[in-house]
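Let's learn to read a protein model together, one feature at a time. Have a look at the sequence and the structure first.

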Amino acid sequence: MKLIETYKSPNFNDRRNKTSVKYIILHYTAMINYLDSINYMCSTDNKVSSHFLINKKGETYNLVNVSKRAWHAGESFWKGLTDINSASIGIEIDNSGHHINFENFTHLQIKSLIELINQLVKKYKISSHNILGHSDVAPFRKIDPGEKFPWIELNAKQLSYLPEINVKNNGNKKKNIKSNFFSPKLREKVLFFLKKIGYDTREIKTTSNKFNKLVESYQRHYRQTIITGEIDYQTYQLIEQHYKDMLTF
Ligand SMILES: [Zn+2]
């Protein structure tokens, strides 16, 4: 694929402790115009960057050399790791985001993204489980790339993981989304599963707002049609299946 090298961001440093690339983190730009996003990330004032940006036409800009540590994830956490920037490649996808229009991602964008991820996965041997959204690694601060991001298209190319549950058990939508259905003990179990999957569960109680934030983040990626922040039967099934699949990957 053709990478555009016209713009370079000065906002990077060396990956710390020679950390190798293990994750790909997907973002949306949260701006109307992709050139504004590029300018923003190329200005020393802003101290943010990403390795790549894909505009709506599917044109892919390489802003930071992949060997370097771009500054895209901010304060983050995954599986005990807090310096996500050192261990990841950041890809910004041009989309105005929830606070503006949150338009659909374009076909050309996703096509280019798949091509890019395909190359990176091969080169850095990245597991499909480790291709995550910004909201996964910063669930209390971030909601990008959001519930419109087509994880299912990446999943179809084996480029991202989605749990598969028995649809037969999910015919009754009302039952599936019934909240507060779960006992404290089951909620503890959910928290345990989310922790094992990789989410930041440090100091989280199942009765706290942060617990709901975590569930919301989970749904935004893995059950995009209904985002409630509440544990329901289907969400429980997905998280449980996810945990089981984690044990074998
Ligand atoms: Zn982001």
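**Reading the model step by step**

A: Let's start with Lys47, which sits in the loop between helix H1 (34-42) and strand S4 (52-54). Helices (H or I, at least four residues) and strands (E, at least two) are DSSP runs, numbered from the N terminus. This is a predicted model, in which local features need pLDDT of at least 70 and side-chain atom pairs count only at pLDDT 80 or more, while totals for chains, interfaces and linings use all residues. Residues are numbered from 1 along each chain as its sequence is written, and side-chain values use heavy atoms, with hydrogens and water left out.

Q: Is Lys47 buried or exposed?

A: Buried means under 20% relative accessible area, exposed means over 50%, and partly exposed is in between (1.4 Å probe, protein chains only). Lys47 has a relative accessible area of 56%, so it is exposed.

Q: Which residues is Lys47 in contact with, leaving aside its neighbours within four places in sequence?

A: Contact means heavy atoms within 4.5 Å. With those neighbours left aside, Lys47 touches Asn11 and Trp71.

Q: What can I learn from the phi of Lys47?

A: Lys47 is not a glycine, yet its phi is positive, at about 55°. Phe102, also a residue other than glycine, has a positive phi near 40°. You will find Phe102 in the loop between strand S7 (88-93) and helix H2 (107-124). Phe102 is buried, with a relative accessible area of 6%.

Q: Which residues hold the zinc ion as protein donors?

A: Donors are N, O and S atoms within 2.8 Å of the metal (3.2 Å for Na, K and Ca); water is not among the atoms, so sites may look incomplete. Here the protein donors are His27 (ND1), His134 (ND1) and Asp144 (OD), lying 2.1 Å from the zinc ion. Along the chain, the donors follow the spacing H-x106-H-x9-D. Distant parts of the chain are linked by the pair His27, in strand S3 (residues 23-28), and Asp144, in the loop between helix H3 (134-137) and helix H4 (151-156), 117 residues apart. Both His27 and Asp144 are buried.

Q: What is the peptide bond from Asp144 to Pro145 like, cis or trans?

A: That bond is cis, with omega near 5°. Pro145 belongs to the loop between H3 and H4.

Q: Which residues meet where H6 packs on H7?

A: From H6 come Arg187, Val190, Leu191, Leu194 and Ile197, and from H7 come Phe211, Leu214 and Tyr218. To sort them, Ala, Val, Leu, Ile, Met, Phe, Trp, Tyr, Cys and Pro count as nonpolar, Asp, Glu, Lys and Arg as charged, and the others, Gly among them, as polar. The contact of H6 with H7 has seven nonpolar, no polar and one charged.

Q: At what angle do H6 and H8 pack?

A: The angle is about 45°, with the axes of H6 and H8 9 Å apart. That makes H6 oblique to H8. By class, their contact has ten nonpolar, one polar and three charged residues.

Q: How do H7 and H8 cross?

A: Their axes come within 11 Å and cross at roughly 80°, so H7 and H8 are roughly perpendicular to each other. Val215, Tyr218, Gln219 and Tyr222 of H7 make this contact with Thr235, Leu238, Ile239 and His242 of H8. Those residues divide into five nonpolar, three polar and no charged.

Key:
Axes fitted to C-alpha atoms, helices over the stretch in contact; angles between N-to-C directions. Parallel < 35°, antiparallel > 145°, perpendicular 65-115°, else oblique.
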